[in-house]
Each structure stands twice: as structure tokens, then as C-alpha cells.
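Subject: Structure handover and notes

Hello,

The structure is below, with the sequence. My notes on what was found in it follow.

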Amino acid sequence: MSTQTISRLFRQLVLIIIGAAICACGSAPPEGGSTMTFTLTSASFSEGAMIPRQHTCDGADRSPPLRWEGAPPAASYVLIMDDPDAPGGTFTHWVLYDIPGTRTELAEGEQDTGLAGGNDFGRRGYGGPCPPRGRGAHRYFFRLSALDIPSLNLPAGAARRDVEAAMRGHVLATATLMGRYERR
């Protein structure tokens with residue numbers, strides 16, 4: 001057999017093995033992560049429900065309490081909250097990273113856990129829902145990722161793109177909670 005034929009057969013074998021693995025799992029894992037999931041909840045609102053005013057720019061603008069269960073053993077967590085319905089494209093409201101892996105919750109308004117990244121309001125920390133008035137309800141996604149490293153080794157105030165780049169290849173699982181808010 002020629003080297004070309006052996007190489008072609010090897011590539012085909014690899015594709016067959018990958019295909020079998022995908023079929024066995026049900027789907028391919030996301031880039032840098034696994035198909036494992038866990039739950040993220042809030043005592044302030046349930047999945048898909050309206051986010052209370054106190055957690056928005058129309059209220060006290062305090063972050064909602066968050067709790068997670070069923071996470072894999074993590075060295076740290078990253079939380080990113082965004083609004084994909086914003087007029088100019090996805091708007092980042094909150095980036096929080098290097099959350100200790102021993103944590104299972106964040107209290108309402110908690111600002112001293114982990115490191116706060118920059119948001120699209122031009123400041124660090126939480127910036128609550130604040131959609132344009134009269135434009136309907138926007139969706140706000142809170143995504144908590146369990147990581148296999150204790151720190152992203154980024155300074156406080158890092159941009160979302162830098163946090164996501166540092167996370168790549170270290171995500172064990174991600175939990176998502178979505179709430180809505182409308183300004184009338």
C-alpha cells in the first residue's frame with residue numbers, strides 16, 4: 001500500500017471513531033467544555049420570568065441572588081450576564097471571574113467575591129437591565145461556567161473578550177438562567 005492510501009484510510013478511521021463517539025454521547029461537546037450541565041437559580045425570579053425592578057436601572061440596580069447546584073468539582077467559576085436583544089447587538093451587563101470553586105451562591109448585591117470585569121456601561125461590576133423604554137421585554141442571560149483552573153490570571157476590570165479567551169479550553173460545564181425586563 002502507498003503512503004497516500006494509508007493516510008486516507010487512517011483519516012477515515014479517525015472520522016468513524018469520532019462519529020461513533022458523538023452518537024454515543026448524543027451530541028458533540030461545546031468547544032472547550034463538556035455536555036455536563038448544572039442548574040443556576042435565583043430567589044428573585046424563575047427561569048423566563050420578569051426580573052424584579054430592584055435589580056434594574058429603574059430600581060436599586062443590585063445584582064440578584066444566585067445559587068447553583070449539581071456543578072462538577074470546579075477550581076473557579078465565571079459569571080457573564082448579557083442582553084442579546086439590545087438595539088446595537090449583545091450588551092454585556094456583568095462579568096465576574098475567579099469566583100472560588102467552593103462557592104455555591106452569590107448573595108443579592110454581593111460585589112466582593114471574585115474579580116469584576118468591565119461591562120458595556122463602561123464600569124466594573126453589575127449593571128442591571130435597562131432596555132430602551134417602550135421597546136418590549138428584553139432577555140437577560142446569566143451564564144455561570146465551572147472551570148478547571150483556580151484563576152484566569154487577569155487583572156480586575158478585564159474585558160469580556162479577554163475573560164472568554166482565558167476560559168477557552170477550561171470550561172467543565174455551564175449553567176444558564178434567563179430573566180426578562182421591560183421598561184414602559
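This is a predicted model: local features need pLDDT of at least 70, side-chain atom pairs count only at pLDDT 80 or more; totals for chains, interfaces and linings use all residues.

Gly169 comes directly after α2 and has a positive phi, near 85 degrees. Residues are numbered from 1 along each chain as its sequence is written, and side-chain values use heavy atoms, with hydrogens and water left out.

Two strands count as paired if DSSP finds at least two bridges between them. Ser76 stands opposite Pro100 in β4.

Which residues of α2 are buried? They are Arg160, Val163 and Met167. Seen down the helix axis, these buried residues fall within an arc of 65 degrees, so they line one face of α2. The arc is that of the directions from the helix axis to the C-beta atoms. Buried means under 20% relative accessible area, exposed means over 50%, and partly exposed is in between, using a 1.4 Å probe and protein chains only. The buried residues of α2 pack against β3, β4, β7 and β8, where contact means heavy atoms within 4.5 Å.

His170 and Asp148

His170 is in the loop between α2 and β8, and Asp148 is in the loop between β7 and α2. Their side chains are joined by a polar contact of 2.8 Å. A polar contact is a pair of N or O atoms within 3.5 Å; within protein, one must be able to donate a hydrogen and the other to accept it, and residues adjacent in sequence count only if both atoms are side-chain atoms.

His170 counts as partly exposed because its relative accessibility is 25%. Asp148 is also partly exposed, with a relative accessible area of 41%. Leaving out residues up to four places away in sequence, Asp148 touches Ala75, Gly169, His170 and Leu172. From C-alpha to C-alpha, Asp148 and Leu172 are 6.5 Å apart in space and 24 residues apart in sequence.

The three-stranded sheet

There is also an open sheet of three strands, in the order β1-β2-β5, with antiparallel pairing. Its edges are β1 and β5 (105–106); each has a single partner strand, so one side of each is left without a neighbour in the sheet. β1 and β2 pair over three bridges, and two bridges join β2 to β5.

Arg67 is the bridge partner of Thr41 and is also paired with Glu105 in β5. Leu66 has Leu106 as its bridge partner in β5. In a regular strand the side chains alternate between the two faces of the sheet. In β2, Leu66 and Trp68 make up the covered face, and Arg67 and Glu69 the uncovered one.

The disulfide

How many disulfides are there? The count is one, taking a disulfide as a pair of cysteine sulfur atoms within 2.5 Å. The pair is Cys57 and Cys130, with sulfur atoms 2.1 Å apart. Cys57 lies in the loop between β1 (39–41) and β2 (66–69) and Cys130 in the loop between β6 and β7, so the pair ties together parts that are 73 residues apart in sequence. The torsion about the S-S bond is about 85 degrees, so the disulfide is right-handed. Cys57 is partly exposed at 29% relative accessibility, and Cys130 is partly exposed with a relative accessible area of 29%.

Regards

Methods. Helices (H or I, at least four residues) and strands (E, at least two) are DSSP runs, numbered from the N terminus.
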